[in-house]
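Dear colleague,

I am handing over the structure below, together with an account of what was found in it. Please read the notes beside the model.

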Amino acid sequence: MNDAGKSARGFGGARRRMDRAGIWLSGLCAVHCVASIVIVSALGLGGQFLFAPWIHRFGLAVALIIAAVAIGWGALRHRRAAPFVTAMTGLSFMGGALAVPHGVEEAVLTIIGVVLVSLGHILNLRAAH
């Protein structure tokens, strides 16, 4: 295999790792949303930390970066729109969650968003094969 082929294969491995990281981070975000509501509602603890706006902004920034690199990179290679459109719709839901008060509405928007972002990463992995 020539150097260009080895390089392309190496980049594909990095993109796959980023897609997998995006899926895991989406899952962690969903767990954070549900756990935050349960812990704060049931125990009245941790609301100032668990609902801190900077956590949500930081999470969205990380999701944007990972999705832009992994899914954008994949779209350039496989030329399929579904992973990109699905992930961007999910990121839009996540961004919309920042505009509503903390609570169930925010959690629902965020969970819809992370499910769609995760699905975008899954579609991106499948399209690459």
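**Findings**

Leaving aside neighbours within four places in sequence, Leu 98 is in contact with His 56, Arg 57 and Leu 60. Please bear in mind that this is a predicted model. Leu 98 is placed in the loop between α4 and α5, and the C-alpha atoms of Leu 98 and Pro 53 are separated by 7.9 Å although the two are 45 residues apart along the chain. Is Leu 98 buried, partly exposed or exposed? Leu 98 has a relative accessible area of 39% and is therefore partly exposed, since that class lies between the limits of 20% and 50%.

**The chain as a whole**

The chain has five helices and zero strands, so that, read from the N terminus, its elements run α-α-α-α-α. Of its 129 residues, 33% are buried. The chain exposes about 7600 Å², and carbon and sulfur atoms supply 71% of that area. Where contacts join residues at least 6 apart in sequence, 72% of them link residues at least 24 apart. Several pairs described below illustrate such separations in sequence, among them Leu 98 and Pro 53, which are 45 residues apart along the chain.

**The nonpolar core**

Which residues make up the largest nonpolar core? There are nine in all: Leu 60, Ala 63, Ala 67, Ile 71, Ala 87, Leu 91, Met 94, Val 114 and Val 117. Helices α3 (53–78), α4 (82–97) and α5 (104–127) each supply at least two residues of this core, and α3 gives the largest share, with four residues. As a general matter, nonpolar side chains in soluble globular proteins tend to be buried together.

Leu 60 touches Leu 91, Met 94, Gly 95 and Leu 98, when residues up to four places away in sequence are not counted. Ala 67 is found in helix α3. With a relative accessible area of 1%, Ala 67 is buried, because buried means under 20%. Beyond its neighbours within four places in sequence, Ala 67 is in contact with Gly 72, Met 88, Leu 91 and His 121. The C-alpha atoms of Ala 67 and Asp 19 are separated by 7.6 Å, while the two residues are 48 apart along the chain.

**The largest pocket**

The largest pocket holds about 420 Å³ of space. Its lining consists of 23 residues, and those nearest its centre are Leu 25, Cys 29, Ile 55, Gly 59 and Leu 60. The elements that give two or more residues to this lining are α1 (3–43), α3, α4 and α5. The largest share, nine residues, comes from α3.

**Gly 74 and Arg 79**

Gly 74 lies in helix α3. Its relative accessible area is 0%, so Gly 74 is buried. Not counting residues up to four places away in sequence, Gly 74 touches Arg 15, Arg 79 and Asn 124.

Is Arg 79 buried or exposed? Its relative accessibility is 66%, so Arg 79 counts as exposed, the limit for that class being over 50%. Arg 79 also has a positive phi of about 60 degrees although it is not a glycine. Most residues other than glycine have a negative phi.

**Ile 37**

Ile 37 is placed in helix α1. With a relative accessible area of 22%, Ile 37 is partly exposed, because buried would require a value under 20%. Ile 37 and Gly 103 are 66 residues apart in sequence and 6.9 Å apart in space, C-alpha to C-alpha.

With kind regards

Definitions and conventions. Residues are numbered from 1 along each chain as its sequence is written. This is a predicted model: local features need pLDDT of at least 70, side-chain atom pairs count only at pLDDT 80 or more; totals for chains, interfaces and linings use all residues. Side-chain values use heavy atoms; hydrogens and water are left out. Buried means under 20% relative accessible area, exposed over 50%, partly exposed in between (1.4 Å probe, protein chains only). Contact means heavy atoms within 4.5 Å. Accessible areas come from the Shrake-Rupley method with a 1.4 Å probe; for residues, only the protein chains shown count as cover. A nonpolar core is a set of buried Ala, Val, Leu, Ile, Met, Phe, Trp, Tyr and Cys residues joined through side-chain atoms within 4.5 Å. On a 1 Å grid over the protein atoms alone, a cavity is a set of points where a 1.4 Å probe fits but cannot get out, and a pocket is an open set with protein on both sides within 12 Å along at least five of seven lines; lining residues have an atom within 4 Å of a point. Grid points are joined across faces, edges and corners, and a volume is the space filled by probe spheres set on the points.
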